[in-house]
Number of protein chains: 2
Amino acid sequence: MRLKMTVAYDGTDFSGFQSQPRCRTVQDTLEEVLSRVADHPVQVTASGRTDAGVHAQGQVIHWDTDSPLPVDRWVRVTNHILPKDVLIRSAEEVKADFHARKDARWKWYRYTWDTRRVPDLFLRRYTTHWPHSLDVNAMAEAGRHLVGTHDFTSFSAARAQVSHRVRSLYECRIRCPQHGVVALDVVGDGFLYNMVRIIAGTLADVGGGKIAADSIPAILEARKREAAGRTLPPEGLTLMRVGYGSDQERNFLS
Amino acid sequence: MRLKMTVAYDGTDFSGFQSQPRCRTVQDTLEEVLSRVADHPVQVTASGRTDAGVHAQGQVIHWDTDSPLPVDRWVRVTNHILPKDVLIRSAEEVKADFHARKDARWKWYRYTWDTRRVPDLFLRRYTTHWPHSLDVNAMAEAGRHLVGTHDFTSFSAARAQVSHRVRSLYECRIRCPQHGVVALDVVGDGFLYNMVRIIAGTLADVGGGKIAADSIPAILEARKREAAGRTLPPEGLTLMRVGYGSDQERNFLS
């Protein structure tokens with residue numbers, strides 16, 4: 001049978017999701033523990049890789065097993081063995097043709113800044129320290145210009161080799177969940193390499209007065225990496241949720 | 001001159017505050033970095049030790065230096081060198097007779113439980129996973145019986161060697177800061193060894209229906225460790241603040 005699992009991880013001490021020799025990765029950690037529980041070699045397929053240092057609340061994986069363990073016991077048994085920085089949040093049996101990457105309809109990412117001069121130590125692993133004031137209204141305005149279907153070449157790492165750089169952004173919102181903390185939520189049908197971190201860097205430059213909010217259309221139009229702002233570090237980035245349902249079932253940012 | 005510093009730390013990867021040979025401790029980490037910045041050997045005195053795994057938002061230390069570095073630069077320079085799990089929150093020059101331990105008038109500790117079946121990965125370092133329902137009203141009622149000046153022998157580790165076990169608890173409150181998370185805040189003039197973790201364990205037993213809320217006076221009266229509940233693990237415990245002002249200046253739980 002095929003299992004779909006929702007996985008959370010603290011990316012701080014991982015060299016990213018994808019398996020690599022001589023590195024601690026989320027994929028290798030999951031495969032090692034699931035293989036022990038299933039009692040056969042396990043290979044997992046994720047909705048997509050995340051870079052070193054990037055976190056997940058709701059990464060989705062699928063894998064196949066003939067283990068007789070009931071589905072509802074997978075969560076408890078696997079979490080008991082996994083290290084403290086990886087957690088299976090849920091498991092369910094899915095049809096044999098479900099595919100965590102190919103069937104993903106949308107992804108929701110969050111980028112979080114701690115703008116206090118001295119950061120909150122307990123948020124430090126999961127936020128980017130940014131001890132500068134941010135004009136959140138200007139950032140929100142800039143974000144609205146990004147929503148829609150665009151060629152996002154300007155917001156993609158120059159070294160990315162992708163021929164088709166048109167993506168749809170469904171949501172791009174700015175919130176202040178607590179005093180001094182600013183969060184960017186983006187939902188889209190797919191993201192180019194480093195795209196969320198470049199959007200975050202560009203909006204932070206808007207928030208700091210270095211880029212005008214209404215210059216976003218021209219930045220998109222330029223289709224050049226140099227037109228947008230800097231790439232921000234990975235620690236502020238979290239993959240929140242991956243959606244597989246119909247468009248009507250989209251339940252973004254909730 | 002004498003400096004007073006407020007220090008936060010994530011206790012997860014420390015063998016407690018107090019210096020110990022062949023262990024990573026908060027005191028050794030602070031003294032090593034402050035000695036480098038001050039350019040002379042530094043010994044710090046804290047308001048009190050915290051055990052292995054216990055966190056702090058507002059530990060207070062004092063130490064002496066003749067370094068010419070202006071007080072307001074100590075925070076930035078020291079934080080630049082400290083590892084990510086220790087942070088100087090503030091620094092100020094104090095009178096030469098200020099003493100972080102002897103002058104402390106009260107301490108505020110918080111104990112936090114994550115009661116969800118699958119915990120929040122991003123709270124996991126700072127909460128105790130307790131996948132059982134807790135009756136917070138019963139816990140609050142039990143907590144009110146603990147407020148006041150009592151002999152806390154029943155709430156002290158049996159191996160503690162202290163002749164005088166009378167302490168005053170000023171506040172003992174239960175809150176639910178978010179769905180599934182329960183927090184206990186206690187403020188007192190001093191705490192015996194493991195006292196907060198035994199109070200937390202006793203209140204968790206009250207919340208789970210194993211101990212009646214109105215049996216707290218009898219537990220205090222017994223003056224025996226066995227009368228109270230279990231000692232809970234350190235990861236849920238945080239030293240929030242240490243007070244030095246007059247009683248009128250007490251600004252608890254804010």
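## Basis of the model

Residues are numbered from 1 along each chain as its sequence is written, and chains are lettered from A and ligands numbered from 1 in the order in which they are written. The model is predicted, so local features need pLDDT of at least 70 and side-chain atom pairs pLDDT 80 or more, while totals for chains, interfaces and linings use all residues; side-chain values use heavy atoms, with hydrogens and water left out.

## How the two chains meet

Chain A gives 24 residues to the contact and chain B gives 24 residues. Contact here means heavy atoms within 4.5 Å. The two chains bury about 1,900 Å² between them, with 62% of it on carbon and sulfur atoms. Buried area is the accessible area (1.4 Å probe) that two parts lose on being put together, summed over both. A:L121, A:F122 and A:R124 supply 36% of the area that chain A buries against chain B, more than any other three residues.

A salt bridge is a side-chain nitrogen of Lys or Arg within 4 Å of a carboxyl oxygen of Asp or Glu. There are 2 residue pairs in polar contact across the interface, both at pLDDT 80 or more. A polar contact is a pair of N or O atoms within 3.5 Å; within protein, one must be able to donate a hydrogen and the other to accept it, and residues adjacent in sequence count only if both atoms are side-chain atoms.

## Symmetry

Chain A can be laid on chain B with an RMSD of 0.0 Å, by a turn of 180 degrees and a shift of 0.0 Å along the axis. The two copies are thus related as by a two-fold rotation axis. Superposition is by least squares on the C-alpha atoms of residues with pLDDT of at least 70 in both copies. The copies meet through the same surface, because 100% of the interface residues of chain A are also interface residues in chain B.

## Helix α3 of chain B

Helix α3 of chain B spans residues 136–146. Helices (H or I, at least four residues) and strands (E, at least two) are DSSP runs, numbered from the N terminus. B:A138, B:M139, B:A140, B:A142, B:G143 and B:L146 are buried in this helix. Buried means under 20% relative accessible area, exposed over 50%, and partly exposed in between (1.4 Å probe, protein chains only). The packing partners of these buried residues include β5 (106–114), β8 (166–178) and α4 (195–207) of chain B.

B:D135 caps the N-terminal end of α3(B), with a side-chain oxygen 3.1 Å from the backbone nitrogen of B:N137. Just after the helix, B:G148 takes a positive phi of about 125 degrees.

## A buried serine in chain A

A:S154 sits in the loop between β7 (148–151) and β8 (166–178) of chain A. Its relative accessible area is 0%, so A:S154 is buried. A polar atom of the A:S154 side chain lies 2.6 Å from the backbone oxygen of A:I219. The backbone nitrogen of A:R223 lies 3.1 Å from a polar atom of that side chain.

## Salt bridges

The whole structure has 24 salt bridges over all chains. One of them joins B:D10 to B:R125, the closest N and O atoms being 2.9 Å apart. This pair ties together parts that are 115 residues apart in sequence. Both B:D10 and B:R125 are buried.

B:D185 forms a salt bridge with B:R175, with the closest N and O atoms 3.4 Å apart. B:D185 is in strand β9 and B:R175 in strand β8 of chain B. B:D185 is buried at 2%, whereas B:R175 is partly exposed at 35% relative accessibility.
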